[in-house]
Amino acid sequence: MQWEKDFISSGDLRLDSQLKFTAVIDRMTSIKRRTLLLDRSRCENDAEHSWHIAVMALLFAEHAVQKVDVLHAVEMMLVHDLVEIYAGDTFAYDEVGYLNKAQREQDAADKLFAMLPEEQGLYIRTLWEEFEAATTPEARYADCLDKIQPFLHNTLTNGHTWLNSEPRPRQDQIEKRISVCKDFMPQLYRWAMKNIENAVQKGWIAH
């Protein structure tokens, strides 16, 4: 890539690795998602999605049934999709893509986090693995908001992503995806279920 040719070493290997990693993760802005921006001008990218849910994390903790360390959740949200730089974004309802998603992302993590000084690479990888496991309160919180953000966009863009997917997601698939909120953020889950009913009535999702 051009920036690699333009990079001037600091003379410090540790600092160089941090600077180069910072340059590599700029590629998040080029990873396109299926979620339509609310102005309907284009679909969002991974960097925008990560920023959006990180801000959401500052707002919604009061609706979680367990106390959440919000800043720790934000850390996870900021790094949770970094592996998609190499693994690509897998659409939520792409059943074929999910067959090898875990392996692709493990391979990407091996490559990406090895660029950093060892303890920093381990630190960010640990955050990513915690998010993927979704067992701690912070990871469950992050997982809920990761699911709700694109769902919210669909409710406010006439079901754009749902309608423009082939095959169109079914009601049961969407309910399953949102079910991560049922026990951990029940008020948010009830709101989502109302919106699913509305989406079915309007023909945005397959019944």
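Biologist: Which residues does Ile 174 touch, not counting residues up to four places away in sequence?

Modeller: A contact means heavy atoms within 4.5 Å. By that criterion Ile 174 touches Tyr 93, Phe 151, Trp 162, Pro 169, Ile 196 and Ile 205. Please note that this is a predicted model, in which local features need pLDDT of at least 70 and side-chain atom pairs count only at pLDDT 80 or more, while totals for chains, interfaces and linings use all residues. Residues are numbered from 1 along each chain as its sequence is written, and side-chain values use heavy atoms, with hydrogens and water left out.

Biologist: How many residues does the largest nonpolar core have, and which have the most contacts inside it?

Modeller: A nonpolar core is a set of buried Ala, Val, Leu, Ile, Met, Phe, Trp, Tyr and Cys residues joined through side-chain atoms within 4.5 Å. Buried means under 20% relative accessible area, exposed means over 50%, and partly exposed lies in between (1.4 Å probe, protein chains only). Here the largest core has 50 residues, and those with the most contacts inside it are Leu 82, Phe 113, Tyr 141, Leu 145, Trp 162, Ile 174 and Met 185. Helix H8 (residues 137–155) supplies the largest share of this core, 7 residues. Across the chain, 44% of the 207 residues count as buried.

Biologist: What does the secondary structure of the chain come to?

Modeller: Helices (H or I, at least four residues) and strands (E, at least two) are DSSP runs, numbered from the N terminus. This chain has 12 helices and 2 strands, and its elements run α-α-β-β-α-α-α-α-α-α-α-α-α-α from the N terminus on. The radius of gyration is 18 Å, close to the 17 Å that the globule rule gives for 207 residues, so the chain is as compact as a globular protein of that length. That radius is taken over C-alpha atoms, and the globule rule is 2.2 Å times the number of residues to the power 0.38. Along the principal axes, the C-alpha atoms fill a box of roughly 60 × 35 × 30 Å. Among contacts between residues at least 6 apart in sequence, 68% join residues at least 24 apart.

Biologist: How many salt bridges does the count come to?

Modeller: A salt bridge is a side-chain nitrogen of Lys or Arg within 4 Å of a carboxyl oxygen of Asp or Glu. The count comes to 9 salt bridges. In one of them, the side chains of Glu 119 and Arg 14 meet at 2.5 Å, N to O. This pair links distant parts of the chain, with Glu 119 in helix H7 and Arg 14 in helix H2 (residues 13–24), 105 residues apart. Glu 119 is partly exposed at 44% relative accessible area, and Arg 14 is partly exposed at 39%.

Biologist: Are Glu 105 and Lys 101 buried or exposed?

Modeller: Glu 105 is buried, at 3% relative accessibility, and Lys 101 is buried, at 14%. Their side chains form a salt bridge of 3.2 Å, N to O. Both lie in helix H6 (residues 101–113), 4 residues apart, about one turn of the helix.

Biologist: Where do Asp 110 and Arg 125 lie?

Modeller: The side chains of Asp 110 and Arg 125 meet in a salt bridge of 2.7 Å, N to O. The pair links distant parts of the chain, Asp 110 being in helix H6 and Arg 125 in helix H7, 15 residues apart. Asp 110 is partly exposed at 43%, whereas Arg 125 is buried at 17%. Salt bridges that share partners also join Arg 33, Glu 44 and Asp 89 into one network.

Biologist: Which peptide bond is cis?

Modeller: The bond from Glu 166 to Pro 167 is cis, with omega near 0°. Pro 167 is found in the loop between helix H9 (160–163) and helix H10 (171–178).

Biologist: What is the phi of Arg 40, and where is this residue placed?

Modeller: Although Arg 40 is not a glycine, it has a positive phi of about 65°. Arg 40 is in the loop between strand E1 (32–36) and strand E2 (43–45), and counts as partly exposed at 43% relative accessibility. Ala 134, not a glycine either, has a positive phi of about 50°; this residue lies in the loop between helix H7 (118–133) and H8.
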